[in-house]
Amino acid sequence: MVRAHLPLPKLDTTLSCLLTGVSLQTALTLARGHRPSWLSPKVFRVEVLAGLVVALALIPEAIAFSIIAGVDPSVGLFASFTMAITISIVGGRPAMISAATGAIALVIAPLNREYGLGYLIAAVILGGVIQMALGAAGVARLMRFVPRSVMVGFVNALAIVIFMAQVPELIDVPWQVYPLVILGLLLMIFFPRITNVLPAPLVSIVTLTVITVAAGIAVPTVGDKGELPSALPVPGLPNVPLTLETLQIVAPYALALALVGLMESLMTAKLVDDITDTHSNKTRESIGQGIANVVTGFFGGMGGCAMIGQTMINVKNGARTRLSTFLAGVFLMVLCIALGGIVADIPMAALVAVMMLVAFSTFDWHSVAPRTLKRMPVGEISVMVITVITVIATENLAIGVIAGSLTAMVIFARRVAHLVNVTSVLDPDGSHIIYSVTGELFFASSNDLVYQFNYSTDPDSITIDLSAAHIWDASSVAALDAIETKYQQLDKTVEIVGLNHRSAEMHERLAGSLGPNH
């Protein structure tokens, strides 16, 4: 056991850091006399203000997602509170916001409708356990297989989804909503040109709230979305029988929650990595998402994952550390419990303006510029478009990423399949022919390999040289078996040479055993 001997004042500092949600690594760093970046007054101010803006944006979103899931608004708000607090400590991507999300709400809504809140909570806890297991198993490493075109499609689809989510707030509303939204957008565009002391979204929200309250303008407000909680959540166990039947009911929903949550969280983490030019620990983030969902379940929350919209608000406002995520959760409960009356008066127009600007700045406009589209391969553009269309059609970012990745794999397989080349050299006396195969042999390319040989006209002795090829799967071995069989049926001998070590191992293990009689 390693014991850290710290002077009493530094030990007090370490304990206070841990109690306020700072990671153990940061606490020990501080105890050794090194100041973490967020203790800089300038960074601290940015983190605090960014966390406040995110908290304000979280409230109506959490309430709306609660309605989608069919639960009381407090269930979504509690989930956002506990997710943000927990992930700020155990997560692997600083400045990323995790809370109740629409994707998770859509997954668990049928379970809540059919069986009730207790089963929903049980599914959240089990989903968190599954996420921890998947994270420990290294599922985060699968992110390397997500192509850039899918990532661009993900970002553009995300921007469109964020924008479309604001449209209902602009339909069948008093006419005063429209000038308020325009005013909010103008404030956020031009205020940063005056000063960056305060985040423009916060200035916009406060200004529009003051205007509507002072002038008595009747427009939809945060309070219209649902009642805000008046007390902190209390931990407890889900009210379900601990039976195999219960497990059979909640397990499918828990698995779906785990997969969708991890997919969105890892994609969001990668996006933040690109924006901030920093690296995050995806494995830690995967396990952290599981821990956060388990904690959220025991506190009666509806579960959640990374929130791309709120994360973009946080990052665009300059946040880069865990402090902003932690404070977003703290401010959320403070605003709901201590300042619920004031928060309820915030016009939805102010938050709509914030999210519309986030959507605009999130969209990768360069990817759809005519000059870019002319240079990009058709396959890359197709992958991006399919990702966007799938996300919009299903309203699920995870499904869109899967569809885009599968499309990219098919296009890649087709490209590589056409790179296999077969050339032949006939001996001067015509008694022997050598076929040279070049390229990667796998299921897509090996199917055509059988038709590259002249079985009837070739001499009795044939050599197939695979020095410039590689065998990747059983389909390729089966194709080589078929070639040998065709020659043998004509009483001709075939010799396969030039196999590298791995190809030779696979060929030796599978050759002759893949036919219908084996």
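Analyst: Helices (H or I, at least four residues) and strands (E, at least two) are DSSP runs, numbered from the N terminus. This is a predicted model, with local features needing pLDDT of at least 70 and side-chain atom pairs pLDDT 80 or more, while totals for chains, interfaces and linings use all residues. Residues are numbered from 1 along each chain as its sequence is written, and side-chain values use heavy atoms, leaving out hydrogens and water.

User: How many helices and strands does the chain have?

Analyst: Let's start with the whole chain. Its C-alpha trace spans about 100 × 60 × 55 Å along the principal axes. The secondary structure comes to 21 helices and 6 strands.

User: What share of the residues in the chain is buried?

Analyst: A residue is buried under 20% relative accessible area, exposed over 50% and partly exposed in between (1.4 Å probe, protein chains only). The chain holds 518 residues, and the buried ones make up 51%.

User: Is L52 buried, partly exposed or exposed?

Analyst: L52 is found in helix α3. The relative accessible area of L52 is 22%, so L52 counts as partly exposed.

User: Where does V167 lie, and is V167 buried, partly exposed or exposed?

Analyst: V167 lies in the loop between α7 and α8 (177–194). Its relative accessibility is 33%, and therefore V167 counts as partly exposed.

User: How many salt bridges does a search of the whole structure find?

Analyst: A salt bridge here is a side-chain nitrogen of Lys or Arg within 4 Å of a carboxyl oxygen of Asp or Glu. One example joins the side chains of D273 and R93, at 2.6 Å from N to O. Another joins K282 to D273, with the closest N and O atoms 2.5 Å apart. Searching the whole structure gives a total of 2.

User: How many residues apart in sequence are the parts that D273 and R93 tie together?

Analyst: The side chains of D273 and R93 meet in a salt bridge. D273 lies in helix α10 (residues 244–276) and R93 in the loop between α4 and β1 (98–99), so the parts tied together are separated in sequence by 180 residues.

User: Which residues are linked in a network of salt bridges?

Analyst: D273 is buried, because its relative accessible area is 9%. K282, with 14%, is therefore buried too, and R93 is also buried. The network of salt bridges links R93, D273 and K282.

User: Which elements give two or more residues to the lining of the largest cavity?

Analyst: On a 1 Å grid over the protein atoms alone, a cavity is a set of points where a 1.4 Å probe fits but cannot get out, a pocket is an open set with protein on both sides within 12 Å along at least five of seven lines, and lining residues have an atom within 4 Å of a point. Grid points are joined across faces, edges and corners, and a volume is the space filled by probe spheres set on the points. There are 2 cavities of 30 Å³ or more, and the lining of the largest one includes R93, E285 and R322. The elements that give two or more residues to this lining are α4 (73–90) and α13 (322–337).

User: What is the volume of the second largest cavity?

Analyst: The second largest cavity is lined by E169, V173, V177, V219, P220, M348 and A349. Ala, Val, Leu, Ile, Met, Phe, Trp, Tyr, Cys and Pro count as nonpolar, Asp, Glu, Lys and Arg as charged, and the others, Gly among them, as polar. This lining divides into 6 nonpolar, no polar and 1 charged. The volume of the second largest cavity is about 40 Å³.

User: Which element gives the most to the lining of the largest pocket?

Analyst: The largest pocket has a volume of about 950 Å³. Its lining has 37 residues, with E61, F65, G102, V161 and A165 lying nearest the centre. By class they divide into 26 nonpolar, 6 polar and 5 charged. With 7 residues, the element that gives the most is α3.
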